[in-house]
Amino acid sequence: MKKPRVCILRTAGTNCDKETAFAFLKAGGEPEFVHVNKFITGAEKLDVFQILALPGGFSYGDDLGAGRILANELRFKLIDSLTAFIRQGKLIIGICNGFQILVKSGLLPGNADLKQEASLIINDSAKFEDRWVYLKSQKLKAKSQKCAWAEGLPEVIYLPVAHGEGKFIVQEKAVLERLKANGQVVFRYCDERGESAGYPDNPNGSTDNIAGICDDTGRILGLMPHPERHIDSLQHPRLARTAARKEGDGLQIFKNGIEFAAKNL
Amino acid sequence: MLYNIEIKDKPGVFDAVGQGIKKDIFDLGIKSVSEVRFVQVYIIEASVSEQGIRKICEELLTDRVSQDYVINSEEKRGTETSPFFVIEVAYNPGVMDPVEESALKGIKDLRVEGVTAFKTAKKYLIKGSLNDGQLKIISEKLLYNKLIQHIVKSPSHQVTKSPDLGYKFKLAGVDLLSASDKQLMRIAKTGQLFLNLAEMQVIKKYFKRLKRNPSDCELEAIAQTWSEHCLHKTFRGKIEYKEKIPNSKYQILNPKLKVKKINNLLKSTIMKATKELHKPWCVSVFQDNSGIIKFDDKYNICFKVETHNHPSALEPFGGANTGIGGVIRDPMGTGLGAKPILNTDVFCFGPPDYPFSKLPKGSLHPKRVMKGVVSGVRDYGNKMGIPTVNGAILFHERFVGNPLVYCGTVGILPADKSFKQPHTGELVVVTGGRTGRDGIHGATFSSGELTHESETVSSGAVQIGNPIQEKKMLDVILKCRDENLYTAITDCGAGGLSSAVGEMGQDLGAEVHLEKVPLKYSGLSYTEIWISESQERMVLSVPKENIEKLKEAFRSENVEATVIGEFTDTKRLKLYYQGNLVCNLEMKFLHEGNPQIEKKAVFISPRHKEPKFSCPKNLTPQLIKLLSHYDICSKEWVIRQYDHEVQGGSVLKPLVGIVNDGPSDAAVVRPLANSSKGIVISNGINFRFGFIDPYWMAASCIDEALRQIISVGGSLKEVAILDNFCWGNPDKPDRLGSLVRASYGCYDFSRAFGVPFISGKDSLYNEFSVKNKSISIPGTLLISAISVMEDVSKTVSMYAKQAGNLIYVAGSTYDEMAGSHYFDLLKATGNNLPKVDAHQAVKLFNALTVAASQGLVRAMHDCSDGGIGVALAEMAFSGGLGMEVFLSEVPYKESQKLKGKSKNLRNDFILFSESNSRFVVEVERRNQHRFEALLKSLPFGLVGCVSGGKEFEVHGLDGRTCVKSDIGALKEAWQKPLRW
């Protein structure tokens, strides 16, 4: 079977590209780095890939708001190839800065005219914060709406966050209701037992403890925490020294993407 | 037309920035502010349609979910804002606005044409009853720094563009040939050259031989190359050293001699140790931009630590920002370029609660300095995607006017790319950021003392960094390196192109056409172009056949790379501007022509008052106070703002424990995702011991850095260390005397532990003059250590793991209380400071390494600031477990007994002495015998065990309880002081 090709999109300020590529490699995919300029000039084509990954970092310094400038490049320069990519049933994941880009380009939560309906704004603490958080993966309602990336995850997973602008908000209450009703809320911040809790378990003040959402198809996922930073137990803050090395909680997310692509694309 | 665009949060959106400022105002002691709102301001100069400007606002500047925008016509500004006081802060003309470049790109992406300039400003709306004085305090203490910013007073922004002085070429000469000595010194002073008379005379002689006067550019090039910052004249010069020490055992001086003549202190101590140790895994030491050691068969690692003290004193954010940006370029410019994989940061500040009334004129408050420095490091490190994994922060009054900011970076590079060699005929290429007027005279500025006027005369030396510029340059450099497109690389640091091209072409010769250097704005003279220290630039030597490929690689990722000249075989530095020869110097004179300086050094052992007091029965309050000591307390507020996980290699994190908030000793990082081989990073710093004897301070710093490596399961086998000396004015014999003693301490203990120095740096002239009185910082040595760890799964962390486990203290405790934090609580220094018995320490370190590798150690913590007492408490509360300990079991020795009688056998000294080479170790009961067998014949004591409850209890020598506290209370004492 041919390995699914994963495009790791880069630009000035992308900085989690290598570890994201490693996670996909480990999950059985074939990651390749592509600078956004290559797509804009047409030197590379998006449609040869099955998965598009927007890694973390500070694209263009996050000047003028996190992810804004790259989000605009997607909206104004690459929108045709992106919508074709999505229409073909392919997968997109945006992690941290990538999530901010997906939200600000209107791809998440997603609507017909790609209007921005949610945002990720400065943390309530007004600071960049790096900490490990517990996430509750949502039980999704209808099977057809299941997020392809979240399958088979334990109820509570443990990943690090590292961001200054991660507070998820929505334009209006109806958007939140729609997200919940559609089963688009994929991850919520919680405590060790999976219960909802305040700061610092919810590290940024996100509405409804939301840490990650998917689009209506379940194939586009965006999340603030970094699954690529918990691929094996050596990265875990307290399990580094265990006799047997184990997979980290984040790996399953990448495996899900690769498996889905291998099966369906 | 000028557009003033204000972006504010929509009603109901939490204004986190405004809230933060409100809290800071409250902390200033101004309690009458009820609300602060933050408004982001953009100033756009453009000739565009209304529709165009709206498009920019809606699609680019505003987050429409959370923000609204207002396009203010200029006359309306300031009217709609009552009941708020409005303070608007903008950058001064000529200061790089880091947002400008991306904003212009973003506007271009929208296909809106006609925008000519873009600047940012910040507006604060403050509600409350405030008088003018209070508003001034809030502005000056919190909201702006006049070196780079101003309060906008006029109704509209006056200047949006950078200054364009319309430069017209005119060759400027400097008349040295007819100058008297007095005039020579005036030339040096007014030109901010920081050269002394002997040096000026040598320069004059050189040009006399040439029968001409130098151009201004030639003189500046010489001043930069010969600056203390670049040449390390003190360390490489001649020193006449004298000392007076009570205990002759610890003399450096041969007792028969009165004076020691030292020719090149660096080669006589630091480099000598490395040479004698001759470790085969040292790949490149003291020659490149960082020191290189072997990692595995394919890769090497390199490490450099720099300081950026003077710029951080004046503009903490920009100073630390460009400090970290600069040190990152060191590994990038090592060999053929290394990938930075981690940062370390060590700071020394004045106390954060220092009274404003005592602040010297021209100084910023320590709390502001600290916040600015932390933000500067956070901004650059996080945006570069380099994890900040290790550091330390210490406090003392004598850092108020002159903080210390040490920044270090480790890089990894392929073993076969560890050396560089430019060739004749290759092109000189400058890449990265453009050159501006910023940072002029940085190299020479750092070679003088700060005065309260420094903020005005040297403001050109203050800059703000642009990490994304550096990041995108790094991405392309590594790509070009792997394609072998260039043969040499170095960074433009202090001294700019002058230093970079001068060094690369030292053995060949170089020719540069200065008008080809891309500029941020026109108006720079050829000399300014040559010595500008604009950030984010590197110089490459590129074979002609590769130039198109290289340029295309840079162009494809929006990074400039420009050919500015050629390496020649003339052994001369020739600079042209629009075809005019403006500099023609022999490389040999430039690099070796400086006169060797001779300085005098004296060390007289100080005698401090010995505090006399009896041991308190209950030591709980003392332990609590120590845990709250600024040096010791939790630095979580700082650490969490740094991304320490990016790149995915972090194994042992800076915060560890059952809820990830205890103080880790060293950091362990795995640079290659598919290998379990790791790197251990630690540091040792203790300026307090230097108050008594810098020799032992150096020994203690080395011991501390090494025992942290041992604590996390590392070994002494392949450890390399770096020195960073931050000292006062070395022209003053007492300052230099203590520097000499510290250097000899470095030599002795590098040898004794078998750990070579691979790189280092000195920052001298750290003094601050107030009212003609010069205050020196405490001479402060930072030792940074790096080691390779075979298997990171053997890593040990410091927090208590399980009730019932045994607690050992390994290593002897002495009544060495001088310089301890316990004495500092009493405002005392003392005289008997911790020594190091390296012979004994090596045996203990090795035994513990074996114990850890056999899996016998559940937790280990090094005993440093606050001694055993603090180490035990930290282990207990970080693990969320209680502990019961008996001081009678601690191996304790008195340095002296009075007529055979114990004088200092007391609970407080055992608990809080900061003797070196000690550890607290947690061992499972089932492993007791194996562990003890490994430590046989070494000093250790089974002092207690981890208990099931939450109580921390210490029994004194008489068996009675001397410390008893809930671990929650101890943790609170430790976390509270810097929980900002």
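User: Which residues does B:Thr120 touch, not counting residues up to four places away in sequence?

Analyst: This is a predicted model, in which local features need pLDDT of at least 70 and side-chain atom pairs count only at pLDDT 80 or more, while totals for chains, interfaces and linings use all residues. Residues are numbered from 1 along each chain as its sequence is written, chains are lettered from A and ligands numbered from 1 in the order in which they are written, and side-chain values use heavy atoms, with hydrogens and water left out. With contact taken as heavy atoms within 4.5 Å, and leaving out residues up to four places away in sequence, B:Thr120 touches B:Gln40, B:Val41, B:Tyr42, B:Ile43, B:Ala90, B:Tyr91, B:Asp97 and B:Val99.

User: Is B:Thr120 buried or exposed?

Analyst: B:Thr120 lies in strand E5 of chain B, where helices (H or I, at least four residues) and strands (E, at least two) are DSSP runs numbered from the N terminus. Buried means under 20% relative accessible area, exposed over 50% and partly exposed in between, computed with a 1.4 Å probe on protein chains only. Because its relative accessible area is 9%, B:Thr120 is buried.

User: What covers the buried residues of H3(B)?

Analyst: Helix H3 of chain B spans residues 100-109, and its buried residues are B:Ser102, B:Ala103, B:Lys105, B:Gly106, B:Ile107 and B:Asp109. Their cover includes, from chain B, helix H2 (50-61) and strand E5 (115-128), and, from chain A, helix H3.

User: Which residue of chain B meets A:Glu73 in a salt bridge?

Analyst: A salt bridge here is a side-chain nitrogen of Lys or Arg within 4 Å of a carboxyl oxygen of Asp or Glu, and the rule finds 8 of them across the interface of chain A and chain B. In one of these pairs the N to O distance is 2.8 Å, and the partner of A:Glu73 is B:Lys105.

User: Which element gives the most to the side of chain A that touches chain B?

Analyst: Helix H1 (17-26), helix H3 (68-77), strand E5 (118-121), strand E6 (129-137), strand E7 (156-163) and strand E8 (167-170) of chain A each supply at least two residues of that side. The leading contribution, 7 residues, comes from H3(A).

User: What is the area buried between chain A and chain B?

Analyst: In this interface, 56 residues of chain A are in contact with 65 residues of chain B. Buried area is the accessible area (1.4 Å probe) that two parts lose on being put together, summed over both. Carbon and sulfur atoms give 53% of the area buried between chain A and chain B, which is about 5,000 Å².

User: What is the phi of A:Tyr60?

Analyst: A:Tyr60 lies in the loop between strand E3 (51-54) and H3 of chain A, and it counts as buried because its relative accessibility is 6%. Most residues other than glycine have a negative phi. Although A:Tyr60 is not a glycine, its phi is positive, at about 50°.

User: Which residue is joined to A:Pro200 by a cis peptide bond?

Analyst: A:Pro200 lies in the loop between strand E9 (185-190) and strand E10 (210-214) of chain A. The cis bond has an omega of about 0°, and the residue joined to A:Pro200 is A:Tyr199.
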